[in-house]
Amino acid sequence: MPHPVLETLDPEQFVTLRNAIEADYATGRVIALPDGWIVSLTEARLFAESDKPTPTGRPDRVSP
Amino acid sequence: MLLDLAAAQDWRAYRFVVVGSGFAGLFLAEKLASHGRVLVIEAGPLDEHLALGRGYYDVQSTGIPTPALGARLSAFGGTSNHWTGQSRPFSPTIFGNRSHVGIAGWPITYREYAAYLPEAQAWLNLPPSYDLPDRPGIESGLLEGMPGLTAQRFFSSLPLLHLGYQGTRERFIDNPAIDVLVKTRVIDLELDPGGTRVAALQVARADGSRHRIPAETVLLAAGGIENARLMLWAGRKYQRGNPLLGGPNELTGKYYSEHPVFLPAEIYYDHRLDLSQAMLREFDQQPPQFFLWMPEDEMLERHRLTRFGVLHYDQGLSLDPSETADLDAPYLSASQRYKVSVPAFKFEQTPHTGSFVGLSDLKDRDGTALPRVHWALTGDDFDRFRRATLLFCGLISQRGHARVRLRPQYRTEDWSALVPTLSSHHLGTTRMAHATAHGVVDTDSRVFGIANLYVAGASVFPHGDFLNPTLNFLALAARLADHLTGSTSSDCTVYRFGAGRPWSHLLGEGWSGTEERGRWTEAPLARITVPRAGLRGFRIYGTGFRKAGVTVSANGRQVFSGTVEQLANNRYPEFTSTDFPSGETFELVFSFTNLVTPAQLGESDDGRLLGYFIQWLEVW
């Protein structure tokens, strides 16, 4: 399933958010979604602010 | 040789009596055999080493279910006979104070323990080094890709050591300095009238016969449950707080801990890192190696976590189809590009007194109490396990190399209802400590207050990391053997004070208050005079009116000055020196200030002074 938010961003925004996501993971700022997938707080906020569905965990959609 | 108990024996010929023939017992027997004759007493038979121990290893489980307790074997060779060999040394971290999780550390240093690792590794047929070799594929793929994580190895021995198997057991049985009694169970320990030495062991045979075996030095190596159970059973017939029960706080059996194991997450690795292949290659190595992720200490400290490791067994994709049914079709169509693993998360448990081995009301065929095993984890433990899992999942995901999904039963904020898998590693029931107030054995693995009783095995761990214990308790056993064969072991004398104690007469001026288990000072000056010359060190155990000031002098040399509270908080005050002026006697002088009476404190009408209470003194 495509990443519903990141792939819609321009390259500069993409890098900024990707770095924020990686920093979240590296420092333990993660949560478990109800379906069990573990996402960063930045990802969770992006999904919450959008009307897009949450991802199912395609790694290549987080890191280019 | 194998002994016939019915035949007359000269028990005094044995310098060491070892209870239990598992790893700790036979390792010690072999090491000590070059310094004196050793008698090994094994409850189980010589053969049947693959049979689960029954009867003697029945337990009453009242805490977290412990169905695998039967995995401990009662036979010659003990549980070594089904050892799988997974080993890794303790982290230096656990020896220090970890205030972020409220664990005080070990009473010995990492260096004191690690000095014996090479000997233990060699004895167990383990590789001499645990360092990762320079393997670019793994180094660049894993370590550089996952800051905050370390990749480690978890070795298995080659060949696997099974001490009771034919071809191995002969090295012990045929050793001319080692004699072995099998099918002989130690059912009681008999202390001398002063209560400071084990005088004899009571043993029972399967035919119901009982025998008394006098002992010079006794080493308990019967496992983390049985060591504690035997001490508790033997200690029940003496006064409260006696050393077999674990001293004033009766700590024998307390702090029982395990390595809780959970399988909480599915890890979907990106094929581009080829992580699963990297892990699987480890299994092609000789000896077999397991791949272990461990977070760096800084991560654990920052997140206030105990130690844990994530162990990848060779299991590959083994998910129940029902667990993957809700994955979206696009993901499944790409599944060839992922390696899925459900690794074992092995956690360090926080030691606490609410987890314990005690005596059951149920009796075994010898009429002694079965052990009651009450394994308990705290709410903080479960919270740490959950937070540690999320932390690890984040670290493994940080570069987009993996996605992690919690398995259904773990998708909750509160994990306390989850039942972990236990490892049948029974830790901490006779824990090592500086002071009898905090543990059962001292830093030489000797039971506090009993001059000739030692404990070997994982029961002496104050806390046990998340790692399998065999290698680590053998290192401590090697240290114990060196202590026993060194110059200090037979020099230590324990003087216990109190009603009915033979040594109260050593308490001279100032010690007028009597209690059941000690003596109180009621004067600003109190002396202890010990008929002992050439003293190198001593320890005292005492407490008292905590706000009183106290200065302690040993043969004229001041060794402590402060408050009683500071003295009492100094764990088990130990003073060592090579320059105590020697004479015919050794004199300790306690000088007190700020003594008060209970009446002055408003606690009672009692006008006696509140000074210092001393329970025992050890000198060497």
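For the complex, the predictor gives an ipTM of 0.81 and a pTM of 0.76. Chain B has a mean pLDDT of 83, with 83% of its residues reaching 70 or more. Over residues 136-140 of chain B, however, the pLDDT is below 50, and this stretch has 5 contacts in the model beyond near neighbours in sequence. The pLDDT is also below 50 over residues 314-336 of chain B, a stretch with 21 contacts in the model beyond near neighbours in sequence. Where pLDDT is low, the predicted coordinates should not be read in detail.

Chain B contains 13 helices and 29 strands, and buried residues make up 47% of its 620 residues. Among the contacts in chain B with a separation of 6 or more, 71% are accounted for by residues 24 or more positions apart. In soluble globular proteins, nonpolar side chains tend to be buried together. The largest nonpolar core in the model has 161 residues, and those with the most contacts inside it are Val17(B), Val18(B), Leu28(B), Ala456(B), Leu474(B) and Ala477(B). Helix H12 of chain B, residues 470-485, supplies the largest share of this core, 10 residues. One of the residues with the most contacts in the core, Ala456(B), illustrates how separate parts of the sequence come together: leaving aside neighbours within four places in sequence, Ala456(B) is in contact with residues including Ala24(B), Leu28(B), Leu219(B), Leu220(B), Phe473(B), Ala477(B) and Leu480(B).

In chain A, helix H1 comprises 17 residues (residues 11-27), which at 1.5 Å a residue should span 24 Å, and this agrees with the 24 Å between its end C-alpha atoms. Within H1(A), the residues Ile21(A), Glu22(A), Asp24(A), Tyr25(A) and Ala26(A) are buried. The buried residues of H1(A) pack against strand S1 (30-32), strand S2 (38-40) and helix H2 (41-49) of chain A, and also against helix H11 (379-397) of chain B. After H1(A) comes Gly28(A), whose phi is positive, near 80 degrees. In H2(A), the buried residues are Thr42(A), Glu43(A) and Leu46(A). Seen down the axis of H2(A), these buried residues fall within an arc of 100 degrees, so they line one face of the helix. An α-helix has 3.6 residues a turn, so residues three or four places apart point the same way. The buried residues of H2(A) pack against H1 and S2 of chain A.

Strand S28 of chain B, residues 586-593, has a covered face formed by Phe586(B), Leu588(B), Phe590(B) and Phe592(B), whereas Glu587(B), Val589(B), Ser591(B) and Thr593(B) form an uncovered one. In a regular strand the side chains alternate between the two faces of the sheet. Strand S23 (residues 525-530) of chain B runs antiparallel to S28(B), the two being joined by 6 bridges, and Ile528(B) stands opposite Leu588(B) in S28(B). Strand S25 (residues 549-554) of chain B likewise pairs with S28(B) in the antiparallel sense over 6 bridges, with Val589(B) in S28(B) as the bridge partner of Ser553(B).

Elsewhere in chain B, 3 strands form an open sheet of mixed pairing in the order S3-S17-S16. The edge strands are S3 (60-61) and S16 (356-363) of chain B, each of which pairs on one side only. S3(B) pairs with strand S17 (residues 369-374) of chain B in the parallel sense over 2 bridges, and Ser61(B) stands opposite Val373(B) in S17(B).

Ser504(B) lies in the loop between strand S20 (493-496) and strand S21 (513-514) of chain B and is partly exposed, with 16 other C-beta atoms within 10 Å. The C-alpha atoms of Ser504(B) and Gly518(B), which are 14 residues apart along the chain, are separated by 8.4 Å. Ile614(B), in strand S29 (residues 612-619) of chain B, counts as buried because it has 26 C-beta neighbours inside 10 Å, the cut-off for burial being 20 or more. Not counting residues up to four places away in sequence, Ser504(B) touches Phe497(B), Gly498(B) and Arg519(B), while Ile614(B) touches Phe497(B), Gly518(B), Arg519(B), Ile540(B) and Gly542(B).

Definitions and conventions. Residues numbered from 1 in each chain as written. Chains lettered and ligands numbered in written order. Core = buried A, V, L, I, M, F, W, Y, C linked by C-beta atoms within 7 Å. Buried ≥ 20, exposed ≤ 12 C-beta atoms within 10 Å, placed from the backbone. Helix = DSSP H or I, 4+ residues; strand = E, 2+ residues; numbered from the N terminus. Contact = placed C-beta atoms within 7 Å. pLDDT = per-residue confidence, 0-100. Expected span 1.5 Å × (residues − 1). Pairing = 2+ DSSP bridges. Arc of directions from axis to C-beta.
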